[in-house]
Amino acid sequence: MTERPLPPSRVRVDVLLDDASRRAALYEATLRSLTDTPKEISPIWLYDERGSRLFDEITHLPEYYLTRAERAILAERASEIASQTRAETLVELGSGTSEKTRLLLDALAAEGTLGRFVPLDVSEEVLVASAQEIADEYPGLEVHAVVADFERHLGMLPAGGRRLLAFLGSTIGGLEVDARERFLRTVASSLGSRDALLLGLDLVKDPARVEAAYSDGSGASERFQRNALAHLDRELGSDFSGSRFDYRPSWDPEREWMDIGFRSLEAQVVHIPRLGIEVAFADGEHLRTSVSSKFRRERFEADLAAADLQITRWWTDASGDFAVCLAVPSGSVNR
């Protein structure tokens with residue numbers, strides 16, 4: 001682990017995912033997923049510095065209801081969340097710019113319990129900038145940023161005191177079923193008896209509204225997804241960007257998720273020199289870049305129970321589009 005103090009001294013950055021290990025794991029996963037069926041690339045390729053900025057742009061679009069709905073819930077319920085958890089440390093997984101987190105920080109500060117903020121993200125550039133902004137805005141707050149992968153490094157997060165782990169934006173919907181189950185089990189094993197987990201969940205609704213959120217009129221969603229191909233090309237010397245792929249997000253009614261990616265417009269071969277492979281695509285073949293699952297309460301409660309977690313609070317926005325839930329280890333007395 002590399003520790004990188006920033007001025008002022010109460011701000012620090014721990015790097016659990018350095019460039020060498022990040023690349024090695026990502027290259028291995030990419031080699032495996034591009035030779036699988038259906039062909040996929042890891043969503044991690046979406047989030048270089050430009051990709052993080054593009055996604056932040058998407059969250060402000062009219063079609064992308066998720067951010068507005070979640071923010072409305074947090075604005076209404078942050079004080080209740082603070083009083084229920086009395087968290088001394090707020091941990092945000094996949095923090096990005098930590099925009100909505102300020103509602104939780106303000107509420108926990110007003111509750112008089114907050115002493116530390118631990119944002120975690122894979123993008124060091126975005127994380128460092130956000131950590132410094134938070135430190136400037138909250139002078140009495142210790143900010144301990146962690147460059148890490150939330151699927152791999154949960155057990156290495158700073159411990160001590162009551163912790164609230166926030167996983168917002170329905171980011172959990174980006175994990176396929178097996179990965180989501182592993183994630184919830186790992187979270188459960190890392191939570192102390194006084195800790196809690198706060199989750200944002202996009203709920204099942206009219207598929208047309210869901211599809212519009214991933215295929216906006218401004219083209220920002222497509223630019224975000226195509227940036228992943230450009231990122232691949234820079235890192236691996238591939239020629240995805242010069243190949244013929246049509247952006248094609250679609251709703252899968254059986255799995256109740258958005259299947260996001262591209263369709264090959266012809267039979268073609270993509271060369272990936274640094275992996276030592278050539279990947280053949282048939283005309284019309286799908287290349288998945290990510291999924292976004294939508295949730296129903298009953299089914300998600302069962303997922304939590306399987307991981308020894310239980311819901312203590314469930315809030316939705318006025319339209320019932322989105323939910324924020326508070327969960328604790330099963331059988332714990334955390335309130």
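Reader: Where does S290 lie?

Author: This is a predicted model. In it, S290 lies in strand β14, which covers residues 286–293.

Reader: Why is S290 called buried?

Author: Its relative accessible area is 11%, and buried means under 20%, so S290 gets that label.

Reader: What does S290 touch?

Author: Leaving out residues up to four places away in sequence, S290 touches P43, L46, Q225, M258, D259 and I260.

Reader: How do you know whether R86 is buried, exposed or partly exposed?

Author: R86 has a relative accessible area of 40%. The in-between class runs from 20% to 50%, so R86 is partly exposed. You'll find R86 in the loop between α3 (65–85) and β4 (89–93).

Reader: And what about D308, buried or exposed?

Author: Exposed means over 50%; D308 comes in at 52% relative accessibility, so D308 counts as exposed. D308 also sits in a loop, between α9 (297–306) and β15 (309–316).

Reader: What makes the backbone at R86 and D308 worth a look?

Author: Phi of R86 is near 45°, a positive value in a residue other than glycine. D308 also has a positive phi, near 65°, and is again not a glycine.

Reader: What kind of peptide bond joins T37 and P38?

Author: A cis one, with omega about -5°. P38 is in the loop between α1 and β3 (39–40).

Reader: How do you know how the span of α5 compares with the expected one?

Author: Helix α5 (residues 124–137) has 14 residues, and from first C-alpha to last it reaches 20 Å. Among the buried residues of α5 are V126, L127, S130 and I134.

Reader: Why is the second largest pocket said to lie between the domains?

Author: Domain 1 (23–46 + 210–293) and domain 2 (65–205 + 294–329) both give residues to its lining, so the pocket lies between them. Its volume is about 340 Å³. Of the 17 lining residues, D19, R22, D48, V122 and E125 are the closest to the centre.

Terms used. Residues numbered from 1 in each chain as written. Predicted model: local features only at pLDDT ≥ 70, side-chain atom pairs only at ≥ 80, totals over all residues. Heavy atoms only, no water. Helix = DSSP H or I, 4+ residues; strand = E, 2+ residues; numbered from the N terminus. Expected span 1.5 Å × (residues − 1). Buried < 20%, exposed > 50% of the residue type's maximum accessible area, 1.4 Å probe, protein only. 1 Å grid on protein atoms, 1.4 Å probe; cavity = no way out; pocket = protein on both sides within 12 Å on 5 of 7 lines; lining within 4 Å. Points joined across faces, edges and corners; volume = space filled by probe spheres on them. Domains from an automatic or database assignment. Contact = heavy atoms within 4.5 Å.
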